[in-house]
Amino acid sequence: MRVKTVDWASGAGEAETEGLRERKKRQLRQRLTDTATAMFLERGFEAVPVAEIARACDVSEKTVFNYFPTKESLVLDQSETTMAALRTGLADRDIGPVEAAVRILGTELNAMTSWLATHDDPAEASVQIGRFTAMIQTTPALRAYQHEMSVRLVAVAAEVLAERAGTSAEDPEAQIAATALVGLWQVQFASLRTHLDGRRTPSQVERAVSADVRKAARLIDAGLATFAVPRKASASSPGQRRKPPAKTASGDKRTPRASAATTGAARRRNPK
């Protein structure tokens with residue numbers, strides 16, 4: 001039985017704009033990942049060679065690797081799409097980095113729940129997702145590949161965030177900010193495992209998971225908002241010492257005032 005998976009590569013309105021050649025390539029790519037996923041779920045990831053997947057799809061093994069660079073990417077094929085969306089979203093200076101990540105996650109979540117809604121039995125589709133998740137968790141090669149993709153996502157996020165803040169991608173703040181953002185994907189995956197219980201409708205799953213992601217996003221929003229503000233040259237100059245806080249006439253230190261970015265971020269209790 002062929003398992004229909006989410007077509008992450010197909011964007012809204014793409015069917016109307018792509019040419020025949022591009023559509024055929026996208027459809028073959030989808031058939032390859034659908035076929036591979038079904039075979040892996042039935043027999044196990046390690047037990048199915050790529051050559052067998054190629055024969056099932058009536059293509060050569062070389063063709064499979066033209067679409068998917070590794071066997072693991074036949075299963076975890078969303079990472080490149082997420083990486084491109086993250087690079088573009090974080091570069092948009094009109095929105096904060098947390099909001100950019102939340103929007104990308106919302107798009108991916110909607111693709112998943114829309115996929116569920118296309119099934120005659122969404123509960124059975126939820127079971128398929130559970131089996132898929134279990135396969136990843138119990139297959140060392142897939143866990144390692146998933147970790148590698150997370151590391152690449154952090155690198156991309158750190159690069160773009162550092163550019164926004166006027167610092168280096170190796171800066172500790174850029175690294176922790178990127179790690180926190182990419183951690184929202186783990187929150188979404190964990191929430192999906194919790195709420196895809198076969199009892200909730202696709203729309204109920206979407207609302208519940210989105211609420212969990214936004215709850216986590218609120219926790220890191222203030223810190224990342226201040227980090228994304230471009231630094232003044234004087235503040236980042238090596239070896240420059242900060243001036244001590246001014247004192248009142250009585251000698252007591254004045255309470256430092258919060259920056260405008262921090263105050264503004266604190267008011268945004270709910271990212272849009």
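1. A residue counts as buried when its relative accessible area is under 20%. Thr139 has a relative accessible area of 7% and is therefore buried. Its place is in the loop between α7 (122-138) and α8. With residues up to four places away in sequence not counted, Thr139 touches Phe45 and Glu46.

2. The model is predicted, and the remarks in this note should be read accordingly. The protein has 12 helices and zero strands, so that the pattern read along the sequence is α-α-α-α-α-α-α-α-α-α-α-α. Of its 272 residues, 38% count as buried. Among the contacts in the protein with a separation of 6 or more, 70% come from residues 24 or more positions apart.

3. Helix α5 covers residues 79-91, a run of 13 residues. From its first C-alpha to its last, α5 reaches 18 Å, which is close to the 18 Å expected at 1.5 Å a residue. Which residues of α5 are buried? They are Ser79, Thr82, Met83, Leu86, Gly89 and Leu90. Viewed down the axis of α5, these buried residues fall within an arc of 140°, and they therefore line one face of the helix. The packing partners of the buried residues of α5 are α6 (97-117), α8 (140-165) and α9 (172-195).

4. Not counting residues up to four places away in sequence, Met83 touches Arg152, Leu153 and Val156. The C-alpha atoms of Met83 and Met149 are separated by 9.0 Å, although the two residues lie 66 residues apart along the chain.

5. The pair α6 and α7 packs at an angle of about 130°, and the axes are 8 Å apart. The two helices are therefore oblique to each other. On the α6 side the contact involves Met112, Trp115 and Leu116, which meet Pro122, Ala125, Ser126, Gln128 and Ile129 in α7. By class, the contact of α6 with α7 comprises six nonpolar residues, two polar residues and no charged residues.

6. Helix α2 (residues 20-43) also packs with α7, at an angle of about 75° and with the axes 10 Å apart. Are α2 and α7 roughly perpendicular or roughly parallel to each other? Angles of 65 to 115 degrees count as roughly perpendicular, and α2 and α7 are therefore roughly perpendicular to each other. The contact is formed by Thr37, Phe40, Leu41 and Glu42 of α2 together with Arg131, Phe132 and Met135 of α7. The residues of the contact of α2 with α7 divide into four nonpolar, one polar and two charged.

7. Ala36 is also placed in helix α2. With a relative accessible area of 0%, Ala36 is buried. Ala36 touches Ile53 and Leu74, not counting residues up to four places away in sequence. The C-alpha atoms of Ala36 and Ile53 are separated by 6.0 Å, and these residues are 17 residues apart along the chain.

Technical notes
Residues are numbered from 1 along each chain as its sequence is written. This is a predicted model: local features need pLDDT of at least 70, side-chain atom pairs count only at pLDDT 80 or more; totals for chains, interfaces and linings use all residues. Side-chain values use heavy atoms; hydrogens and water are left out. Helices (H or I, at least four residues) and strands (E, at least two) are DSSP runs, numbered from the N terminus. The expected span of a helix is 1.5 Å times one less than its number of residues. Buried means under 20% relative accessible area, exposed over 50%, partly exposed in between (1.4 Å probe, protein chains only). The arc is that of the directions from the helix axis to the C-beta atoms. Contact means heavy atoms within 4.5 Å. Axes are lines fitted to C-alpha atoms, for helices over the stretch in contact, and angles run from 0 to 180 degrees between N-to-C directions. Angles under 35 degrees count as roughly parallel, over 145 as roughly antiparallel, 65 to 115 as roughly perpendicular and the rest as oblique. Ala, Val, Leu, Ile, Met, Phe, Trp, Tyr, Cys and Pro count as nonpolar, Asp, Glu, Lys and Arg as charged, and the others, Gly among them, as polar.
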